[in-house]
Amino acid sequence: MSASTVAPPTDTQPPTDGPRTVAEIVPLRRPWRWVSAGLVLAAVLAFLWSAVTNEQFQWSVVAQYFTAEAVLRGLGLTLWLTGLTVVLGFVIGGVLAVMRLSGNPVLVAVSWGYVWLFRSVPLLVQLLFWFNIGALYPALSGATPVIGPVTAVIIGLVLHEAAYAAEIVRGGILSVDAGQVEAAKALGMRGGRILRRIVLPQAMRAIVPAAGNLLIGTLKGTSIVSVLAVQDLLYSVQLIYNRNYLIIPLLLVATAWYVVVTSLLGIGQHYVERYYARGAGRLS
């Protein structure tokens with residue numbers, strides 16, 4: 001029996017024609033990118049120059065009324081309505097979200113019907129409905145009506161907010177991996193504790209961005225209460241320019257305050273998102 005021979009390994013390499021050269025990387029030139037950027041920058045500068053030099057803006061009047069007592073009172077009411085609406089809206093919305101995710105068909109139907117109804121009806125219609133509820137229930141109207149303008153505004157805003165908050169909370173809960181809930185049940189944890197200790201801390205990563213946007217939207221949406229003569233920020237400046245006819249500068253006062261408050265809320269939202277994004281591998 002003849003033994004087979006194995007050729008020894010060789011370290012030969014393919015011949016090269018000469019020294020290896022590194023190819024030079026030439027960046028792709030995009031001249032139109034710089035042209036478009038220049039045009040946009042020129043348009044922004046032109047707008048800013050127009051806003052500064054146009055005497056019709058009356059910036060001196062804006063500065064005069066920016067911290068006026070009536071304006072600050074209206075701003076305080078706007079902030080109070082926003083905070084109360086968001087807090088109560090998310091409390092009710094959280095309950096609705098849990099009902100929607102429960103196994104009880106009655107609770108699921110009630111939660112779905114609530115969200116469907118209050119998301120279908122415009123907010124202004126809801127406010128007008130609650131303001132005129134005495135036409136349906138005369139006991140609520142009279143010499144001292146139970147539901148006045150402010151009460152009608154609170155009821156309408158909170159119920160409207162709760163419908164959107166319920167979907168935000170429900171979406172955040174559904175974003176948590178179901179396997180973690182099953183593992184917690186296998187360890188003997190009950191439903192309420194699983195929701196508090198396992199689900200909600202992780203769901204906040206998805207809830208906070210949408211909740212922050214809803215908060216900012218609610219702040220701006222409170223301006224609609226001026227139709228019911230509730231003296232929020234917008235209605236306060238309207239009362240002033242109805243007397244002095246300085247419409248544009250007073251509207252700029254309201255605009256400036258909305259920009260300031262929404263900017264502060266945006267900064268706060270950023271840091272809250274970073275807090276709940278710890279350990280997620282990406283911080284924005």
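Mentor: One thing before the record comes up: UniProt positions are given in the numbering used here, feature names are shortened, and annotations may be inferred rather than shown by experiment.

Trainee: Fine. Where does UniProt place the feature "transmembrane region"?
Mentor: The unreviewed entry places it at residues 34–52, 72–99, 106–129, 135–159, 206–230 and 245–268.

Trainee: And what are the ground rules for the model?
Mentor: This is a predicted model, where local features need pLDDT of at least 70, side-chain atom pairs count only at pLDDT 80 or more, and totals for chains, interfaces and linings use all residues. Residues are numbered from 1 along each chain as its sequence is written, and side-chain values use heavy atoms, with hydrogens and water left out.

Trainee: How many helices and strands are there?
Mentor: The protein has 10 helices and 0 strands. Both are DSSP runs, numbered from the N terminus: helices are H or I with at least four residues, strands are E with at least two.

Trainee: What share of the protein is buried?
Mentor: Of its 284 residues, 30% count as buried. Buried means under 20% relative accessible area, exposed means over 50%, and partly exposed is in between, using a 1.4 Å probe and protein chains only.

Trainee: How many residues does the largest nonpolar core have?
Mentor: It has 19 residues. A nonpolar core is a set of buried Ala, Val, Leu, Ile, Met, Phe, Trp, Tyr and Cys residues joined through side-chain atoms within 4.5 Å. Tyr65, Val71, Leu233, Val237, Leu250, Val253 and Trp257 have the most contacts inside this core.

Trainee: Which elements give two or more residues to this core?
Mentor: They are α2 (59–65), α3 (69–101), α9 (233–244) and α10 (247–276). The largest share, 7 residues, comes from α10.

Trainee: What is Tyr65 in contact with?
Mentor: Leaving aside neighbours within four places in sequence, Tyr65 contacts Val71, Ile240, Asn244, Leu250 and Val253. Contact here means heavy atoms within 4.5 Å.
Mentor: There is also a second, separate core of 15 residues, which includes Val86, Val176, Ile194 and Ala211.

Trainee: Switching to helix packing. At what angle do α3 and α6 pack?
Mentor: α3 and α6 (residues 149–174) pack at about 45°, with their axes 5 Å apart. That angle makes α3 oblique to α6. Axes are lines fitted to C-alpha atoms, for helices over the stretch in contact, and angles run from 0 to 180 degrees between N-to-C directions.

Trainee: What counts as oblique?
Mentor: Under 35 degrees is roughly parallel, over 145 roughly antiparallel, 65 to 115 roughly perpendicular, and the rest oblique.

Trainee: How about α6 and α8?
Mentor: α6 and α8 pack at about 140°, with axes 7 Å apart, so they are oblique to each other. Residues making the contact include Tyr164, Ile168 and Gly172 of α6 and Val199, Ala203 and Leu214 of α8.

Trainee: Is Thr85 buried or exposed?
Mentor: Thr85 is buried, at 2% relative accessible area. This residue lies in helix α3. Beyond four places in sequence, Thr85 contacts Leu157, Val158, Glu161 and Thr218.

Trainee: And Leu77, what does that touch?
Mentor: Leu77, also placed in helix α3, touches Val230, Gln231 and Asp232, not counting residues up to four places away in sequence. Leu77 and Asp232 are 155 residues apart in sequence but 5.5 Å apart in space, C-alpha to C-alpha. At 22% relative accessibility, Leu77 counts as partly exposed.

Trainee: Last topic: backbone. What is phi of Gln58?
Mentor: Phi of Gln58 is near 50°, a positive value in a residue other than glycine. Most residues other than glycine have a negative phi. Gln58 sits in the loop between α1 (31–53) and α2.

Trainee: And what about phi of Ala229?
Mentor: Ala229 has a positive phi of about 60°, although not a glycine. Ala229 is in the loop between α8 (191–221) and α9, and is partly exposed at 45% relative accessible area.
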